[in-house]
Amino acid sequence: MRPVGYNRQLVRCPVRILLLSDIHANLEALDACLANAPSFDLVVNLGDIVGYGASPNEVADHSRAIGTTFVRGNHDKAATGGMELEDFNPMAAAAALWTRNELTPENLQWLRALPHGPVPLPNFPDVQLVHGSPNDEDEYVVSLGDALAPLITLSIPLTFFGHTHLQGGFFANGSSADGFRPEYKTVGQAESVPLQLKTSARYLVNPGSVGQPRDGDWRAAFALFDTDAMIVHFHRTPYNLKSAQDRIFDARLPARLATRLAAGR
Ligand code: ZN
């Protein structure tokens, strides 16, 4: 039997990992995250690199240049013809078709080849990466009820996930389990909130969405995992919202894709 909980003995070397998810072709938000991130050793990208936003090639190029470990998202699949668009709402489907038309052949091929989760984190056997849920890459882990089954059954104690565009996550420790959200003090400044991981607990952690947050906070979200200190630092950073919105309007994508960015919904 594997030990329950995150076993730091298995961590080979201290590394600071930048966690990016759900960039959604928002170049301004990605640039702000990279500009505001503390120093990091490697980048993990949890998928939905494209879809919704108006800079799919720039964001794919940038992600490829900085990223080391990737998981595909449902929008990456949709934009590259890897899934039917029936399950998408009309706005998402319109954006997926627009994106497919915009992407260079090289970026289309790269996105199409991204691996589905769970993807192991190289050199860290107690960490895995998924877009949706560990059980289904397209499943949304929104509530504690959604999180309980994976938390209880997983053999891997720490899972980073995306897909919901909600920064925070869930833990199970002995007989207790709960959700958590970082609590920020401002609505417009760069901020960070640490979460100290306990060795006895299991976690599902979402770094939040870089390019289309839906937790009522318009700022771009990301996280930094310090494997030595066992701390996840949640971050929010303001970005050039107007420029991201103008690109969406100029591309004649659905206007709601621009206006929703201001509300973080
Ligand atoms: Zn997404």
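## Overall dimensions

The radius of gyration is taken here over C-alpha atoms, and the globule rule is 2.2 Å times the number of residues to the power 0.38. With 265 residues, a compact globule would by this rule have a radius of gyration near 18 Å; the chain has 17 Å, which agrees. Along the principal axes, the C-alpha atoms fill a box of roughly 55 × 40 × 35 Å.

This is a predicted model, in which local features need pLDDT of at least 70 and side-chain atom pairs count only at pLDDT 80 or more, while totals for chains, interfaces and linings use all residues. Residues are numbered from 1 along each chain as its sequence is written, and side-chain values use heavy atoms, with hydrogens and water left out.

## Secondary structure, burial and surface

The chain has 8 helices and 12 strands; these are DSSP runs numbered from the N terminus, helices being H or I with at least four residues and strands E with at least two. Among contacts (heavy atoms within 4.5 Å) between residues at least 6 apart in sequence, 74% join residues at least 24 apart.

Of the 265 residues, 57% count as buried. Buried means under 20% relative accessible area, exposed over 50%, and partly exposed in between, with a 1.4 Å probe and protein chains only. The accessible surface of the chain comes to about 11,100 Å², and 51% of this belongs to carbon and sulfur atoms. Accessible areas come from the Shrake-Rupley method with a 1.4 Å probe; for residues, only the protein chains shown count as cover.

## Charges and salt bridges

There are 22 positive and 28 negative side chains, and the centres of the two sets lie 3 Å apart. Lys and Arg count as positive and Asp and Glu as negative, without His and the chain ends; each charge is placed at NZ of Lys, CZ of Arg, CG of Asp or CD of Glu. A salt bridge is a side-chain nitrogen of Lys or Arg within 4 Å of a carboxyl oxygen of Asp or Glu. By this rule the count is 11 salt bridges.

One of them pairs Glu106 with Arg64, with 3.5 Å between the closest N and O atoms. This pair links distant parts of the chain, 42 residues apart: Glu106 is in helix H5 (residues 105-112) and Arg64 in helix H2 (residues 56-66). Arg64 counts as partly exposed because its relative accessibility is 29%.

Lys77 forms a salt bridge with Glu137, the closest N and O atoms being 3.1 Å apart. Lys77 lies in helix H3 (residues 74-79) and Glu137 in the loop between strand S5 (124-129) and helix H6 (144-153), so the pair ties together parts 60 residues apart in sequence. Both Lys77 and Glu137 are buried. The side chains of Glu191 and Arg219 also meet in a salt bridge, at 3.0 Å from N to O. Here Glu191 is in strand S9 (residues 191-196) and Arg219 in the loop between strand S10 (202-206) and strand S11 (220-226), 28 residues apart. Glu191 and Arg219 are both buried, and salt bridges that share partners join Glu191, Asp215, Asp217, Arg219 and Arg236 into one network.

Glu139 lies in the loop between S5 and H6 and, at 30% relative accessibility, counts as partly exposed. Leaving aside neighbours within four places in sequence, Glu139 is in contact with Gly132, Ser133 and His163.

Gly169 is in strand S7 (residues 168-173) and counts as buried, at 7% relative accessibility. With neighbours within four places in sequence left aside, Gly169 is in contact with Asp178, Gly179, Phe180, Leu204 and Val205.
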